[in-house]
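You asked for a reading of this two-chain entry before you plan around it. Below are my notes, in the form of numbered points.

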There are 2 protein chains.
Amino acid sequence: MRRLDVNLGARGYPVLIGAGLLGDADDWAPQLGTRSLIVTSETVAGLYVDRVREALGKHPHAVHVLPDGDSAKSLDHVERIVSAALDAGVARDGTFIALGGGAVGDVTGFAAAVYQRGVGYIQAPTTLLAQLDSAVGGKTAVNHPLGKNLVGAFHQPRCVITDVDTLKTLPPRELRAGLAEAIKYALLEGESLFDRLDAMMPRLLEAEPEATTELVHRCCSIKARFVEHDETDHGERALLNLGHSFGHAIESAYAGKLLHGEAVAIGCVMAASLSRALGWLEPGLFGRIEGVFRAAGLPVGLPAPAPAAAEIIERMQRDKKVTDGVLKLVLLHRLGQAELTGDYPYAALVLTVREFVEAAG
Amino acid sequence: MRRLDVNLGARGYPVLIGAGLLGDADDWAPQLGTRSLIVTSETVAGLYVDRVREALGKHPHAVHVLPDGDSAKSLDHVERIVSAALDAGVARDGTFIALGGGAVGDVTGFAAAVYQRGVGYIQAPTTLLAQLDSAVGGKTAVNHPLGKNLVGAFHQPRCVITDVDTLKTLPPRELRAGLAEAIKYALLEGESLFDRLDAMMPRLLEAEPEATTELVHRCCSIKARFVEHDETDHGERALLNLGHSFGHAIESAYAGKLLHGEAVAIGCVMAASLSRALGWLEPGLFGRIEGVFRAAGLPVGLPAPAPAAAEIIERMQRDKKVTDGVLKLVLLHRLGQAELTGDYPYAALVLTVREFVEAAG
């Protein structure tokens, strides 16, 4: 087992990463309140909820099951989680446990943030994407009919319990989608992680526990550093959105046909392409970036039929990173050197989106 | 104009109290972000929204109107406020303005807490209850089908702009309901405020601006002290709930027939009655407490037809102050000396509720 700590003073917490952690009572015991509500999704409930319930032992708890997928991220489901918590008698000193992927973590964390004005929660991520990214950092949210993650809160978990064994049951497509965020971290971090990721790729695609534990530990360590410096995302934490302004717009324009990680992969390639078009990107890097996404089995262009370029751009304009009408993007100079900037020609952004739409045929 | 400051470091803010403040551009200008959304209720919109819009002048803003009353405090209305903010182009550096009574302040503050994971907001309370109590302290919430204020957040406003002139259009019943919270503050604070309140009562019942400004300033100062010591309500701030465990249960059991302040008045008298039954209350004080509520034109007993005692008690058990099955109540010893305690005989609580139900006939 590896451990790292997110150092946020009174809001700090440990991240435990390893094989078999879900079933280990010693991981759970220190962080539980008086009474807990396990919130999970249908598929994960069938696979892992009994293991967690056994590990909780006599600790009083109840289980609430959400539908699979992003549809669980709604205010309606927040209301249902609150009902379940009330029925289970969870009080202000109780705890929510988010057992599942990113959607379960986001909605459960948000429900914990607002239930009786805030209770503690534990992240127990079961997808690679959630393990190496979303379970750490306290960003919680639900979607709004007009866009993703528009309603949310910063609410740090009490701890993160990451059992890499759960990846053995993860569909390969979702595993690859998780690798997209790992590649994003490598783009931000620099050559060393980029090369290591490249070297470990075959083992990662097999969900080999040792390689995965190392990768999750490295990505979470990077994220923890960003979060420690900028907990509420008013500064450098924004760099973590590399590929996400494009990615969110693409993900919503494709209306469920692309996984978040797949959209982020395409988004990172588009950000790199725009960076290259602006003459900012180190020569030769664009090909290496495309190459590593391909090696992970991820898309590097828009699937046909593509939405209209205007639609993608309009969706990008609704991004939370829009200030005074200017959309700030994370653009790349070289591995380990990214920049959040609104100082690029708007026409270049439009051209990049058009190129990708046209390439989709 | 009087001013007081809530000292919470980076989250601190001023409370401005006086006549005519809504129309004064100088009060508004310093606290506005890039773009604002005024959230108000139907009746208040008709009376005051133009005054505020004129004061905002060229500052870009939009208006969203909620229904009157507590029905606005729902997740559904949060979603609509979010839609209105998105339509108006309010970004993370924007501001919500809560123009109205306690319900408008609670739901708007909560919407501000969760919109794009948090934007600033201004409280502009237009009822006495909101002015002397709920606009200060950062408690925001919406209701849940299973109970009041079960979904919420601690989110401090950027400032509070309290125009006591708005009380001139407040229905007398609502003015009296506001005085219930003022009396509660006097019970917590001691003889000096209790006597002053008693002496000013005729002027307060006329909404006389000078008397009201003094009262609001004193009540907000008391509240600010509690909030400064216990921002997230884990300790002494709970004393502010004097009369509220009873009051919330009564308010919901009467399903809209009682105003919050009326329920709090009855709740304070019930808390005093239980305190007396336990032998805790200073002799003679019960009559004085009943007397001041009566002088304010408030109920001191349950109106007929009363709900069953069991229903009231069951609703009290769902209170947020329940820990390990024990309902903590704020009970009184003397003016200025209250105590949050679960250390009372449960039978005495049941008996007090029964007495009040039977007295209703």
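This is a predicted model: local features need pLDDT of at least 70, side-chain atom pairs count only at pLDDT 80 or more; totals for chains, interfaces and linings use all residues.

1. Extent of the interface. On the chain B side, 36 residues are in contact with 36 residues of chain A. Together the two chains bury about 3,000 Å², and 57% of that area is on carbon and sulfur atoms.

2. Polar and charged links. Between chain B and chain A there are 16 residue pairs in polar contact, counting pairs with both residues at pLDDT 80 or more. The count of salt bridges between the chains is two. In one salt bridge, the side chain of Arg92(B) meets that of Asp233(A), at 3.8 Å from N to O.

3. What chain B brings to the contact. The elements of chain B that give two or more residues to the side touching chain A are α3 (75-87), α4 (102-114), β7 (139-144), β8 (147-154) and β10 (322-323). The most comes from α3(B), with seven residues. By type, this side of chain B divides into 17 nonpolar, ten polar and nine charged residues.

4. The largest nonpolar core. This core has 88 residues, and the members that touch the most others are Leu187(B), Phe246(B) and Phe293(B). Helix α10 (residues 260-277) of chain B gives the most to the core, with ten residues. Beyond its neighbours within four places in sequence, Phe246(B) has contacts that include Gly267(B), Met270(B), Ala271(B) and Leu274(B). Met316(B), Leu329(B), Leu349(B) and Val353(B) are also in contact with Phe246(B).

5. The second core. A separate core of 86 residues includes Ala135(A), Ile222(A), Ala224(A) and Ala271(A).

6. Cis peptide bonds. Most peptide bonds are trans. In chain A, a cis bond joins Ala304(A) and Pro305(A), with omega about -5°. Pro305(A) lies in the loop between α11 (285-295) and α12 (309-317) of chain A. In chain B, the bond from Ala304(B) to Pro305(B) is cis, with omega near -5°. Pro305(B) is placed in the loop between α11 (285-295) and α12 (309-317) of chain B.

7. Positive phi in chain A. Most residues other than glycine have a negative phi. Ala207(A) has a positive phi, near 60°, and sits in the loop between α7 (191-205) and α8 (209-229). Ala207(A) counts as buried because its relative accessibility is 6%, against a cut-off of under 20%.

8. Asp233(A) again. The salt-bridge partner of Arg92(B) also has a positive phi, near 60°. Asp233(A) is in the loop between α8 and α9 (244-253) of chain A. With a relative accessible area of 7%, Asp233(A) is buried.

How values were computed:
Residues are numbered from 1 along each chain as its sequence is written. Chains are lettered from A and ligands numbered from 1 in the order in which they are written. Side-chain values use heavy atoms; hydrogens and water are left out. Contact means heavy atoms within 4.5 Å. Buried area is the accessible area (1.4 Å probe) that two parts lose on being put together, summed over both. A salt bridge is a side-chain nitrogen of Lys or Arg within 4 Å of a carboxyl oxygen of Asp or Glu. A polar contact is a pair of N or O atoms within 3.5 Å; within protein, one must be able to donate a hydrogen and the other to accept it, and residues adjacent in sequence count only if both atoms are side-chain atoms. Helices (H or I, at least four residues) and strands (E, at least two) are DSSP runs, numbered from the N terminus. Ala, Val, Leu, Ile, Met, Phe, Trp, Tyr, Cys and Pro count as nonpolar, Asp, Glu, Lys and Arg as charged, and the others, Gly among them, as polar. A nonpolar core is a set of buried Ala, Val, Leu, Ile, Met, Phe, Trp, Tyr and Cys residues joined through side-chain atoms within 4.5 Å. Buried means under 20% relative accessible area, exposed over 50%, partly exposed in between (1.4 Å probe, protein chains only).
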